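Keep the 3D view open and turn it as you read.

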Amino acid sequence: MSRSGFDVLRPGEHAIFHRSHPLLSSTDPSRSTRILRPLFFPFLSVIAEPQALPELVQPILLYIGCALGALGVTLALPRRGTSPQVVGGLIVGAAVGAIFLAMGLANVDRLPNINFYVFSFIAVGAALRVVSHPRPVYSALYFILTILASSGLYVILAAEFMAFALIIVYAGAILITYLFVIMLATESPTEEQEEALQEYDRYSREPLAATIVGFVLLATLTTIMANGSSQLVQAPGIKGYEIASQKVNLGSGEMDDTHRISPFVAATIRADRPMSLRVRAARGSEVIDLDPNTLETGMPIKLEPGENSIAVPFVGMSDEQAARLDVWFTPASAGDLELLAQLPGRLKSGMSEARSADNPKIPLMREDEWVRSIDLSSRTVTLTNHTDTIRVVPLPADLEVNNVEGVAFTLLNEHPGAIEIAGVILLMAMLGAVVLARKKVEMDDAAKFAAQQRSLVVVDAGPVAPSGGITSASSGGKS
Amino acid sequence: MNTFAEFTHVLAQSDYPGVMHAGTLYHYLVTSALLFVIGLIGFVTRRNLIIMFLCTELMFQAAGIALIAFSRFHLNHTGETFVIFVLTIAAAEAALALALVVLLFRRKESLDASLWQDLKG
């Protein structure tokens, strides 16, 4: 008997007590070394597994791109004498092109969306301008451009909510604060002198050394990332949502003399990737604790791909007791699978209020039915009732879970503590900013002297008497 | 509403609940690494205090792109929620760091980071 995702053992069928059970699973030492080795010896692992890098990127082109990028960024940074910033920018553009070409050649059949290249080029170019523009205001404006381009990348990655939040919070709030402070913390130009660039904006500090170190870091990072990403297990894609947890029949295993021990409950579940399952048991409406030595309620069970049977032992429970249990398996970390499994209220009420598309007087769902699963690709809902009759109806358009809803549920459901901490951090930052802003600061002696010198020079050039010049200089130094 | 949905659909990876390959993920990771490295170089080389903090924001941004890319790869919203916290920290950092910058500016009348070299131990 095979029903969307779950196969159920009938009584009498024997389940395999599988090694993926938490009681039997042992820690595999080879696995931990396999994970740790690339972390600690990146170059060793590159030499040992030379095919990992070319899988994702052409190594020679990548390293040529890194070297070119280092050269370009060095030229683009502001420096003494004439700094060929335009040439540097062009070289960086060529370098980024080489790196993207290196990745594209290795993945010809799975190139990203064409908009990715547009947004990436804009983001990297604007970022280069942020670090190389001598005027801070322009740097901040170019940073806004970087933000806009990366929010474009977010949209390509199907994260619409974060894309808009990024624009509102970063470009709208944080960058405006930056612009305010840039305005506050620069000397306003007087009428005589035009606005001059500060010495510290015109020359950068050690551009060559910093760039070389930075791009060596980039080459190492991309090399290690290629190793890591080629080992990642791909998510299979969300095909549908399993709404109701699957009830599982109790297997009738071996019974001992006392009739006290019901060996296990078993079910076979298809797994096409590693997933963990939660096992919950309930008697009526009351959720009961299973024996902690064997299985706690809600304890996840690991299921590896290809392993399709699972067994849950109940120790210290008679068959009759066990037979009154409703046991079900819920995917514990299968992304949206779990997410929707926790949203039955909305779907239940939404489905019960939904009307048939043909006749608005007829409800979509009959009285004795409940939602079993949602198929995303065909946009259908599978309904079932107590006699296991299955009916498939189209999914009402307003019941789809969108990105905002998904993010909100993940946030509230999985990270409530982090929200509290973020709130505390923001409060502390606000208090800290207020305290810092109210603090009275005396100007340094050296700075005071320099300011006096400056205003004296201005005054000497004018027709005002020297004594008046000193008083105006001291008042100007205090302000 | 409908046109907007169509727009995002065209712009977004059209097969959203579908599979994202490791090769495609790698593109986003490299972009994020590039942004991070540029931000790092800027932080080290520039001498203006405000630009230095702007470069840290650039590095936050790079981390955000990597988080969102992994979130898409694993079809899991946890990465996206993490970016919310990155934004929070960035906002708190901007408030505190800029208040500090204003204090430092009032003391030296200059934003040059090398004027504070006597702080080094």
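Below is a short tour of this predicted model, one topic at a time.

## Chain A at a glance

Let's start with chain A. There are 479 residues in this chain, and 43% of them are buried. In terms of secondary structure, chain A has 17 helices and 13 strands.

What about contacts along the chain? Take the contacts in chain A with a separation of 6 or more: residues 24 or more positions apart account for 65% of them.

Now zoom in on A:Met162. Setting aside neighbours within four places in sequence, A:Met162 is in contact with A:Tyr154 from its own chain, plus B:Ile68, B:Glu80, B:Val83, B:Ile84 and B:Leu87 from chain B.

## A hairpin in chain A

S12(A) pairs with strand S13 of chain A (residues 390–394) in the antiparallel sense, over 5 bridges. In one of these pairings, A:Val381 has A:Val393 in S13(A) as its bridge partner. The two strands form a hairpin with 5 residues between them, and A:Asp388 in the turn has a positive phi of about 60°.

## Where the chains meet

How big is an interface? Its size is often given as the accessible area lost when the parts come together. Chain A and chain B bury about 8,900 Å² between them, and 73% of that is on carbon and sulfur atoms. In terms of residues, 114 from chain A are in contact with 86 from chain B.

There are also 16 residue pairs in polar contact between the two chains. The count of salt bridges between them is 1, and you can find it where the side chains of B:Arg46 and A:Asp201 meet, at 3.7 Å from N to O. On the side of chain A that touches chain B, helix H8 (residues 160–184) gives the most, with 14 residues.

## Two residues to look up

First, find A:Val181 in helix H8 of chain A. Why is this valine called buried? Because its relative accessible area is 7%, and the cut-off for buried is under 20%. Beyond its close neighbours in sequence (within four places), A:Val181 is in contact with B:Ile50, B:Leu98, B:Val101 and B:Val102.

Next, hop over to B:Gln61 in helix H3 of chain B. B:Gln61 counts as buried because its relative accessibility is 2%. Not counting residues up to four places away in sequence, B:Gln61 touches A:Ile147, A:Ser150, A:Tyr154, A:Leu166 and A:Tyr170.

Note on methods. Residues are numbered from 1 along each chain as its sequence is written. Chains are lettered from A and ligands numbered from 1 in the order in which they are written. This is a predicted model: local features need pLDDT of at least 70, side-chain atom pairs count only at pLDDT 80 or more; totals for chains, interfaces and linings use all residues. Side-chain values use heavy atoms; hydrogens and water are left out. Contact means heavy atoms within 4.5 Å. Two strands pair if DSSP finds at least two bridges between them. Helices (H or I, at least four residues) and strands (E, at least two) are DSSP runs, numbered from the N terminus. Buried area is the accessible area (1.4 Å probe) that two parts lose on being put together, summed over both. A salt bridge is a side-chain nitrogen of Lys or Arg within 4 Å of a carboxyl oxygen of Asp or Glu. A polar contact is a pair of N or O atoms within 3.5 Å; within protein, one must be able to donate a hydrogen and the other to accept it, and residues adjacent in sequence count only if both atoms are side-chain atoms. Buried means under 20% relative accessible area, exposed over 50%, partly exposed in between (1.4 Å probe, protein chains only).
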